[in-house]
Amino acid sequence: MKKMHSLSSYLLLLISLTAMATPTTTSATTIGVTYSTPASISGTVQLSPDRIAEKVVSMNIPAVRLLDSNPAMIRAFAYTNVSLFLSVPNPLVPLLASNRSLAMRWVYRHVLPFYPRTKISIISVGNDVISYSPDVSPFLLRAMQNVHLSLVDLRIYKISVSTTFSFFNIVPTAFPPSSAQFQQPNGEVIIRPILQFLERTNSSFLINLYPYNMYRSSFSIPIGFALFEEFPFNFRDDLTTGVRYRNLFDMMVDAVISSMAVMGHENLPVIVAETGWPSSGIDTSEVDATLLYSEMFLKALLTHLRSGCGTPLRKEGVSEVYIFELVEKDAKQGIRNWGLLHHNMTSKYSFDFSDGGKVRRFKEILVGFFVQVVMLYLLM
């Protein structure tokens, strides 16, 4: 009886230590990366779909946004447990809008042969159409509806359909976030009907959001505010709400949420479809596009997202964030470099993208402690 009482005491101690060691907040944000098939293969390095998929799995990356939705790449992620975010190219949007059978054909080619062996979570019909293809914008909603109906006809209900906007092209003023509104006339003509569609179909609002671009556009934003640095003056106060912002990322996200709230859709989930900080710029004028600042931004962003603290206007934060991009393009003059990996697939940064190591270390400590409890019990 005494022996059983001692064991119970040790088990209670184990439970108490586990509770203390477990983080009190966990992030619901899925952190993924974007990938697009390069136009040409660098040197002798073969960036085959299978190799890309293996690298993503080895880095413990849970989600990938495929910017070109290459069927071979979709197939490569079968049985990997990596969630895929597919994209319909802008030139196809008017075709899918005008012809329902073409939308069904796209789904037959890019979804049906692979799902559910490949985990496809969302399809973006177009990417920043308002900026790159403004003539295509009036076709967005109809194309989204046709892709959605094609999925429903095939009894595929767990893949949502949306489109991706760019922050700079739809939110003209980010500060104060409480006063942000979608730019007109696109807000009423294009975005409002799309928000209604997203609400009705339980989908998410997708936004490309780059603090680097906003930092460059405004001399009043200090570099530390853009890089999540905890300095005494790295904050901005929204005097309307009394909210204090300590980083530019949260401020931009809340500007999107406020803009949706103006249209009555403040509760829609938000996915940041692209974000990042370039490690090199287009020319020498981009003095802040450096490997050091890129690493500082990415490391701080991952820490912030994993903290589970969300944003001041949305405590649960954004549901997914995709880092632009997985693999560096070949170094050329006149382009920015964003990749987590060099084009030969070696890492550019010293930090680990995944926090899996911390989880493993905690499990090892827990198992070791449990073994000690059992040994003490047997020696009594």
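Helix H9 (residues 186–200) has buried residues that are covered by, among others, helix H7 (140–153), strand S5 (160–166), helix H8 (167–170), strand S6 (205–208) and H12. Contact here means heavy atoms within 4.5 Å, and buried means under 20% relative accessible area with a 1.4 Å probe and protein chains only, exposed being over 50% and partly exposed in between. The model is predicted: local features need pLDDT of at least 70, side-chain atom pairs count only at pLDDT 80 or more, and totals for chains, interfaces and linings use all residues. Residues are numbered from 1 along each chain as its sequence is written, and side-chain values use heavy atoms, with hydrogens and water left out.

The buried residues of H9 are Gly187, Ile190, Ile191, Ile194, Leu195, Phe197 and Leu198. An α-helix has 3.6 residues a turn, so residues three or four places apart point the same way. H9 has 15 residues and reaches 20 Å from its first C-alpha to its last, close to the 21 Å expected at 1.5 Å a residue; the expected span is 1.5 Å times one less than the number of residues. A kink of about 30° lies at Arg192, shortly before Pro193, where the bend is the angle between axes fitted to the seven residues ending at a residue and the seven starting there. After H9 comes Asn202, with a positive phi near 55°.

The chain contains 14 helices and 10 strands. These are DSSP runs numbered from the N terminus, with helices (H or I) of at least four residues and strands (E) of at least two. A closed barrel of 8 strands runs S1-S2-S3-S4-S5-S6-S9-S10 with parallel pairing, and its neighbouring strands are turned by 25° against each other on average, direction ignored. Helix H7 packs on this sheet, touching strand S4 (119–127) and S5, and its direction makes about 155° with that of S5. Such axes are lines fitted to C-alpha atoms, for helices over the stretch in contact, and angles run from 0 to 180 degrees between N-to-C directions.

Two strands pair if DSSP finds at least two bridges between them.

| Strand pair | Bridges | Residues opposite each other |
|---|---|---|
| S2 and S3 | 3 bridges | Arg65 and Phe85 |
| S6 and S9 | 4 bridges | Ile207 and Val272 |
| S1 and S10 | 4 bridges | Ile31 and Val321 |

All 6 of the 6 residues of strand S9 (residues 270–275) are buried, so S9 is largely enclosed by the rest of the structure. In strand S2 (residues 63–66), Ala63 and Arg65 point one way and Val64 and Leu66 the other way, and all are buried.

A nonpolar core is a set of buried Ala, Val, Leu, Ile, Met, Phe, Trp, Tyr and Cys residues joined through side-chain atoms within 4.5 Å. The largest has 101 residues, of which Val111, Phe167, Phe205, Ile207 and Leu326 touch the most other members. Helix H12 (residues 248–262) supplies the largest share of this core, 9 residues. Not counting residues up to four places away in sequence, Val111 touches Leu86, Trp106, Ile120, Ile123, Leu151, Ile156 and Ile159. A second, separate core of 7 residues includes Phe85, Ile122, Leu206 and Ala273.

Over the whole chain of 380 residues, 47% count as buried. Among contacts between residues at least 6 apart in sequence, 72% join residues at least 24 apart.
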